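Subject: Structure handover

Hello,

Here is the structure I said I would pass on. My notes on it follow below.

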Amino acid sequence: MKGGVALLSDQEYLQSLRSIPCPFGDIIVRNPWQHVADAQSVNCKVTKDIVAVFEQVEKGFGQRSVLVRGVAGSGKTHTINRLRRKLADSAFFVFITKLGGAQKMYGHVLSQLVLSLRQAVEGEEHLPLDMLFAGFLADSAVNALEGKEESMKERLTVSSMKSSPMSAFTFFQNGNKSVDAVTRHILLGSPEIDRQLKAAAIAYANPEQRPAVIDWLQGEQLDEDELRNLGLRRSIHEEDSAERTLRSLGAMAKGRRPIVFVFDQIEHLMDASAHRAFGPFGNLLSTMRNFVANQLCIVFTLPDYWDT
């Protein structure tokens with residue numbers, strides 16, 4: 001009893017849910033990329049509250065974290081699906097599930113980030129990962145060239161990248177004399193972004209090198225020739241390298257769109273290594289909140305697992 005109102009236990013709440021006709025029919029929402037009809041009545045307040053927190057991040061009020069607890073079948077993944085659609089044009093949306101072993105959490109998050117940002121977004125012409133790298137390259141090129149243009153062509157190039165950041169890919173592919181100066185400016189500037197990620201962004205501008213950059217970001221072991229062709233020194237196979245890359249991606253996204261990290265089904269941590277996994281997971285969340293700029297972390301979980 002609280003304030004004259006009787007509170008339901010988890011078991012009573014679940015029984016109550018079972019007595020209500022399911023708004024999803026027989027649809028099971030398995031991931032946020034699935035195209036399903038939105039049951040507006042399901043978790044509408046939760047959605048509204050999370051969007052309000054996101055807007056604080058978007059306005060530059062720092063990183064935020066949100067914990068959402070709900071019993072099985074209460075519409076958690078449906079809510080994630082709705083959030084993904086609501087934030088489609090204002091956030092880089094990253095969906096992370098099945099963290100598995102506690103020893104590779106940062107690498108897993110980085111791999112899931114790449115997979116998520118390679119998902120097509122309704123109404124967007126370009127993939128989110130393309131927009132993230134192109135935006136960084138365009139801003140860097142404009143900073144390097146603006147006010148120093150030596151020809152009408154360079155002035156037009158600067159104007160084009162200011163109005164359409166995706167044109168930065170074309171600029172780097174053309175290989176004119178300005179590219180070398182801009183490349184040096186990028187690699188020597190922005191100390192908050194790891195030099196390896198800056199080199200990877202430059203290589204990503206080349207469609208032929210893009211698959212190798214994606215493999216590198218996902219922790220694939222590249223040989224020396226492949227690394228050299230991308231302007232890289234080492235693969236991302238250690239957790240500290242993955243953590244450093246995540247921090248750098250947050251810095252790269254700053255001034256563009258916040259990154260929304262959504263963790264779902266963290267109960268798999270219990271399956272993998274019992275209570276020992278929650279310590280590293282807590283450290284992961286703490287590090288991301290304190291050191292990955294411009295982001296919102298949302299954790300969806302079952303009450304029993306979190307309370308345990």
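L67 stands opposite V299 in β4. This is a predicted model. The two strands involved here, β1 and β4 (residues 295-301), pair in the parallel sense over 6 bridges.

They belong to an open sheet of 4 strands, in the order β1-β4-β3-β2 and with parallel pairing. Because β1 (64-69) and β2 (92-97) each have a single partner strand, they stand at the edges, and one side of each is left without a neighbour in the sheet. On average, neighbouring strands of this sheet are turned by 15° against each other, direction ignored. Helix α14 (residues 278-291) lies across β1, β3 (259-264) and β4; its direction is at about 155° to β4.

On packing: the largest nonpolar core has 70 residues, and F133, L137, F261, F263 and F281 touch the most other members. Helix α5 (residues 128-145) gives the most to this core, with 12 residues. There is also a second, separate core of 17 residues, with F54, V68, F95 and F300 among them.

S90 is found between α3 (76-86) and β2. Is S90 buried or exposed? Its relative accessible area is 16%, under the 20% cut-off, so S90 counts as buried. Leaving out residues up to four places away in sequence, S90 touches F54, E58, R257 and P258. The C-alpha atoms of S90 and I259 are separated by 9.3 Å, while the two residues are 169 residues apart along the chain.

Regards

Terms used. Residues are numbered from 1 along each chain as its sequence is written. This is a predicted model: local features need pLDDT of at least 70, side-chain atom pairs count only at pLDDT 80 or more; totals for chains, interfaces and linings use all residues. Side-chain values use heavy atoms; hydrogens and water are left out. Two strands pair if DSSP finds at least two bridges between them. Axes are lines fitted to C-alpha atoms, for helices over the stretch in contact, and angles run from 0 to 180 degrees between N-to-C directions. Contact means heavy atoms within 4.5 Å. A nonpolar core is a set of buried Ala, Val, Leu, Ile, Met, Phe, Trp, Tyr and Cys residues joined through side-chain atoms within 4.5 Å. Buried means under 20% relative accessible area, exposed over 50%, partly exposed in between (1.4 Å probe, protein chains only).
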